[in-house]
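Please look over the structure below before reading on.

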Amino acid sequence: MVDIKDNTLVNKIVASNNIVDVIGEYINLEHKGKNFFGVCPFHDDHSPSMSVSPEKNIFKCFSCGASGNSITFLMDYLGIEFKEALKILADRVGIPLDKTFTKKKVNSELEELYKVNELAVSIFKNNLASTSGKEAREYLKKRGLDDETIKYFNIGLAINNSISSALSNKYSKEILENLDLCKTYDNKLYDTFINRIIFPICDKDKNVIGFTGRIYREQDKDESKYLNTKETILFRKGNILYNLNNAKEYIRKEKSIIICEGQMDTIRLHTIGFDNVVSLSGTSLTKEQIDLINSLKCDIILNLDQDEAGASATITLGDAFTSLGKNVNVIVFKDAKDTDELILKKGAESFKSAYKNKVSFINFKLDYLKNNKNLNDSVELSKYINAAIESLNNINDDVLVELKLKEISDKYGVSISTLKSKINKKDKKVIVNSKPKELKRYTSYQKAELRIIYLMLNNEDVIITYENNLGFLVTPEFTDFANEVLEYKMKNGEFVLSDFITHAYQNNLDKVLKVVMENGGPEEYTEEELDYLTNIIKGTTVENEIKRLRKIQKESLDEEEKKTIAKRIENMRKEVLTWYKK
Ligand SMILES: [Zn+2]
């Protein structure tokens, strides 16, 4: 199965990056012996169970079994794709990557649609820069958006049918309509967006998938303020996070994401230097969006509108992210409905101070639960306390829960033991930072198989022994994997584990690789152990063959055949005995 895909460049990039430096950018590593150790980010832990080997250029966690090279570490840790991880590594060591190399492969039909949207962006931008864009430019200036910001967000202008007249000769009516760039009335094509300032919306891979258009002229004030691309094959509201395309690298650096409601909040925050920011374009999040944010491995800062809808959405989102084990904080401010208004009215410092004083989600929620309740009324107070305790059930930090219970007890004169009895330990959600370790039991021969493969990965000698003495295992997928290791060595002349990890990832062998790394044991071995393992595999194979023959023997009606099979089984048993005598 070893394919001809040339990984020379990939392997060179991985080899040029010392994995200790790569992982060290995210996790504290301590030097011990020939390896480095740190707290594993892939399971909930406080002791340094992850070992990083500069010599082999791989990492391995002794507790949860996570393992890999620099690329797979970045992929898992940052929740990014192979090519993005490769780009980070290439940039670290100044190896240039061809653009086509990093561009995500999409099917050509989608590629064409992205291209049409891309062309529309250029047309909108040209409109804004043209003489017809004077009024819009003045409007943007008045709203405090300078040229740099306009360029950063690719802001443009829709004027009368500029899209249909420029693109209808090149692209079919269907394409323009399907992208919701144009509409047909009376057999004539018109632009969807007319006399609106245009904000292109990209997916996380920087493809333009749709647009928001905002009115800016006094005479249009009766029309709806914002118009969005309707749902299209590219623009599905459930998976959009405005500005994630730009924000991703800042989220990675800051290890936090600021989630706003409106696009203007995100744009405004850019003007005062906050770039780890996305907008929901609304107050709800789909599961797809939550998964997307969860995969970013960062703290969550909720910065929704300061009204009832915003507060209520903050509770929903905060609960969702808390139950995923995320650290959630909330930005609270007065005197403005949203961030855009706050910064325009009160200046950058007002937001910076609200940011500095952000509150933990649990404090925000405990406050929120008091809303519209008369806490002097014992029935309402009891309702409040019960709701407060229920929200504490969601928290995994026992110390924090204890402190909060004490606060409530002191404040409202309810004994701490009564409060504690209401904390439902059983319902506490478990942190799901990473997938829990699969508790699979392996049979003794499967353990031997996994051990042999693990030794092959770590010792070229064992690959040779496997080739000469075995050439097969019992479980088909383990046999395939072992043969892949053998073939990889044959093809490359040597076996570099770090390179093979990349290869395994690219060929869907990473699942088996993970199982092997998890169950492998120590890297050292003795010849006796190897003989012992080899015999288990051979013995099991013979046992299985005997079972198969027995079945045929039992079902056969031919007495001669029955005898021949009996003889064969006897010979096989004798041969097995000779191995153990060796
Ligand atoms: Zn781990």
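## Aromatic pairs

In this predicted model, tyrosine 488 and phenylalanine 495 are both buried (under 20% relative accessible area with a 1.4 Å probe and protein chains only; exposed means over 50%, and partly exposed lies in between). The whole structure holds 22 aromatic pairs. A pair means rings of Phe, Tyr or Trp (its six-membered ring) with centres within 6.5 Å; planes under 30 degrees apart are stacked, over 60 edge-to-face, and the rest tilted.

Tyrosine 185 and tyrosine 190 make a tilted pair, with 5.7 Å between centres and 55 degrees between planes. Tyrosine 185 counts as exposed because its relative accessibility is 51%, while tyrosine 190, at 27%, is partly exposed. Tyrosine 488 and phenylalanine 495 pair edge-to-face, at 5.9 Å centre to centre and 80 degrees between the planes. One aromatic cluster consists of Tyr26, Phe42, Phe59, Phe73 and Tyr77.

## Charges over rings

A charge sits over a ring if NZ of Lys or CZ of Arg is within 6 Å of the ring centre and within 35 degrees of the ring normal. Lysine 188 lies over the face of tyrosine 190, 5.0 Å from the ring centre. Lysine 358 is placed over the face of tyrosine 355, at 4.0 Å from the ring centre.

## Zinc site

Cys40 (SG), His43 (ND1), Cys61 (SG) and Cys64 (SG) coordinate the zinc ion at 2.1 to 2.3 Å. Donors are N, O and S atoms within 2.8 Å of the metal (3.2 Å for Na, K and Ca); water is not among the atoms, so sites may look incomplete. The site is tetrahedral, with angles of 101 to 118 degrees among its four donor atoms (for four donors, all angles must lie between 85 and 135 degrees). The donor residues follow the spacing C-x2-H-x17-C-x2-C.

Cysteine 40 is in the loop between strand E2 (35–38) and strand E3 (50–53), and cysteine 61 is in strand E4 (residues 58–61), so this pair ties together parts 21 residues apart in sequence. Strands are DSSP runs of E with at least two residues, and helices are runs of H or I with at least four, numbered from the N terminus. Cysteine 40 is buried at 2% relative accessibility, as is cysteine 61 at 1%.

## Overall form

The protein chain has 27 helices and 16 strands. Buried residues make up 48% of its 582 residues.

## Basis of the values

Residues are numbered from 1 along each chain as its sequence is written, and side-chain values use heavy atoms, without hydrogens or water. In this predicted model, local features need pLDDT of at least 70 and side-chain atom pairs count only at pLDDT 80 or more, whereas totals for chains, interfaces and linings use all residues.

Key
Tetrahedral: all angles 85-135°; square planar, octahedral: opposite > 155°, others 65-115°.
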